[in-house]
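Please find below a colleague's note on the model, arranged as numbered points. Each point is meant to be read beside the sequence and the coordinates.

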Amino acid sequence: EEIDIPFEEEILRNPFTLKSWLRYIDHKLEKPLAQQIWIYERALKELPGSYKIWKRYLDLRMKHVDGLNPVRYEKEYQKVNNCFERALVLLHKMPRIWLEYCTFLMKQCIITKTRRTFDRALRALPITQHPRIWEPYLKFARTIGGETAIRLYRRYLKLEPNHVEEYIDLLLSLERYDEAAKRLAQVVNDDNFQSLHGKSNYQLWMELCDLVCKHPHEIKSLKVEPIIRSGIRRFTDQVGRLWNSLASYYIKLGHFEKARDVYEEGIKTVMTVRDFSQIFDAYAEFEESVMSAKMEEASERVASGRHDPLADLEIDLRLARFEELMERRPFLVNDVLLRQNPNNVHEWIKRVNLWKDNVEKVVETYTKAIQTINPKKAVGKLHELWIAFASFYEEGGSLDDARTIFEKATKVNYKNVNDLATLWCEYAEMELRHNNYRRALDIMARATTPPRNPNVNFRDETLPVQLRVFKSLTLWSFYVDLEESVGTVETTRIVYDRILELKIANPQIIVNYANFLEENKYYEESFKVYERGIELFNYPIAFEIWNTYLTKFIKRYGGSKLERARDLFEQALEKCPPKFAKPLYLMYGKLEEDYGLARHAMRIYDRATSAVSDEDRFEMFNLYIAKASANFGVTYTREIYEHAIEVLPDREAKEMGLKYAELERKLGEIDRARALYAHASQFCDPRIDPNFWQTWHDFEVKHGNEDTFKEMLRIKRSVQAQYNTEINFVSAQLTAKQQAAPANPDEIAMDDDDD
């Protein structure tokens, strides 16, 4: 055409210039296909190795057949294929051309030609470009499937062995279970394998187990049982599932007895209740399914009128086996817990209770428990197991056997001394239940016998408990109770004295010993016990003993031994803390009032006002004033009031001042009362204590005159001004600090330091 002449001339001048041809091709883009092809063919004749021209030419030819049926338009597709073949003569190192050619062939469903073209591409291209070819090649393989796909994947795995999971998925989709299992087993055994799908070694194991168990008939090249057993040893947290997998493998093969053996082995070896429950539930379901199948067969035989005694007998046997399995469940669970920790005392006791009336099994269980449990590692109280064992014989009437058990139990090195002490006490109680009082006393005497070296530390864990039990207060308390019940006074005193000698007595023992002696008329000895107890204990425990001791002493002797009583009170008060002094002083004062001199009582109360704690001082002053007023008259109390106002805190001094003023008013000493009001006013802020000022106001109205009333108001104003000044000063300081805080934090810190 006329408009093509400039392009033709340029091509004639520069036939080997790529840009000239590309401009000519772009000029012909809107022209018919034949013209475009003619230009492309001329360009490729001059530049047969140009990738750009070939790429555009091939895209044009593929676009022309795009959407056409490759079967009906086979010749058109073949023309495009020929173009690709011509291009690859010189461009066989271009992966893009190979990829487009192979993808184009995949659309035509020419399997052999496509496969061979992919192979040619792999041979022509360098190894670094192969992953680009393998991606569509494997897609092509998955599409066609069959033996071709398997062989292609085998070749690919030689290049990329880490992609074996894709191969396994392909084998599973093609139902090649045997080879899939073999490959999966290789992967599982390879410690260096890293799953591209993010699966752990455990997940791959589970896949392998599920595979071999679901398709047992197809698996020929692997030994399934060793594989699963190795998984059981390896993955201890999934033992239950793996045992069930092995059993289901044999069930699908029809080996029911072998499956039953696997279930039995599983429930007898697992270490957790969760795994046991998984296996047991599967086992029970398996037995139920077999029984239901046998029942259906029996019903069919009955319907058809046939009779088979052997089959009926088998059903009865299976029913009996299933019932026996259900009955064994508590024992099997107990076995699991004991396998977890054979030193668990509670589980052994549960096992004994499971046997109930089976005497032989109960004795066997007790014996096995005692032989198995390590006393130092026992979980729970081992001595309770021994006691239960002995009680079992006792309830059965075999007292000698029970004694034998107790004797053996006393030689066990328990974790805690009190365990052995409790055991000795139970031993003695057993004898008491059978009225063997003498034997019970002998047992306690043996238990409390000290070793050759009695100077042992009760809390020294390195020593056996048998060497330390003689210092157990539990043991001695029981021994004392036993002696008090069935022994004599002398033997009981000996036991109490030994407790005090060992220095293991507590306050209750002291009180019990003293009460025991008092009940038996040994009053002086009981007082000596109190004194020994006071030597053993400091305050506050000593206070309780002193309190009981002094009460008993006064009750016994009253005023007959007054000097001794005074000495006791002085001893008690000598080291008494202020917190506990008040009751003792009150008791001491009461003693002097009842049996001594009132003057001595007043002196004691006076001492008490300075010896008691601050919380009790105000109350003590009130009591002192009341006693002094009753014994010596109200005028005697003036000195007490004045002393109280001096030493008491402001709040209580104000109360005391009011009482003192009221006393003076009653005595007619109006001026003294007014002076007391004036003195007490310094402690009373009018805004906080309006009652005080109202009392003074009423007093002046009743007893004062205009001048005294004005003086009261003047004092009130001055006190209020004093409190206002203090409060305003503090609040002004706080306000200044709050205002200065945003301005300069460092200055605030300096101000705080100055304050």
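1. Helices (H or I, at least four residues) and strands (E, at least two) are taken as DSSP runs and numbered from the N terminus. By that assignment the chain has 39 helices and 0 strands, and Leu313 is found in helix H17.

2. The model is predicted, and local features therefore need pLDDT of at least 70, side-chain atom pairs count only at pLDDT 80 or more, and totals for chains, interfaces and linings use all residues. Residues are numbered from 1 along each chain as its sequence is written, while side-chain values use heavy atoms, with hydrogens and water left out.

3. For the chain as a whole, 42% of the 755 residues count as buried, where buried means under 20% relative accessible area, exposed over 50%, and partly exposed in between (1.4 Å probe, protein chains only). The accessible surface comes to about 41,500 Å², with 51% of it belonging to carbon and sulfur atoms; such areas come from the Shrake-Rupley method with a 1.4 Å probe, and for residues only the protein chains shown count as cover. Among contacts (heavy atoms within 4.5 Å) with a separation of 6 or more, 53% are accounted for by residues 24 or more positions apart.

4. How many salt bridges does the count come to? The count is 26 salt bridges, each being a side-chain nitrogen of Lys or Arg within 4 Å of a carboxyl oxygen of Asp or Glu. One of the linked groups is a network of salt bridges that includes Glu257, Arg260, Glu287 and Arg321.

5. Glu100 and Lys55 meet through their side chains in a salt bridge of 2.9 Å, N to O. Because Glu100 lies in helix H6 (residues 95-108) and Lys55 in helix H4 (residues 51-65), this pair ties together parts that are 45 residues apart in sequence. Both Glu100 and Lys55 are buried.

6. A salt bridge also joins Glu179 to Arg154, with the closest N and O atoms 3.0 Å apart. Since Glu179 belongs to helix H11 (residues 177-189) and Arg154 to helix H9 (residues 146-159), the parts tied together are 25 residues apart in sequence. Glu179 is buried, at a relative accessible area of 17%, whereas Arg154 is partly exposed, at 32%.

7. Helix H9 itself has 14 residues and reaches 21 Å from its first C-alpha to its last, close to the 20 Å expected at 1.5 Å a residue, the expected span being 1.5 Å times one less than the number of residues. In H9, Ala149, Ile150, Leu152, Tyr153, Tyr156 and Leu157 are buried. They cover an arc of only 165° around the axis, which puts them on the same side of H9; the arc is that of the directions from the helix axis to the C-beta atoms. The cover over these buried residues includes helix H8 (130-144), helix H10 (164-173) and H11, and the face turned away from the buried side carries the exposed residues Arg151 and Lys158.

8. Asp335 and Arg351 form a salt bridge between their side chains at 3.0 Å, N to O. With Asp335 in helix H17 (residues 309-340) and Arg351 in helix H18 (residues 345-355), the pair ties together parts that are 16 residues apart in sequence. Asp335 counts as partly exposed at 23% relative accessibility, while Arg351 is buried, with a relative accessible area of 14%.
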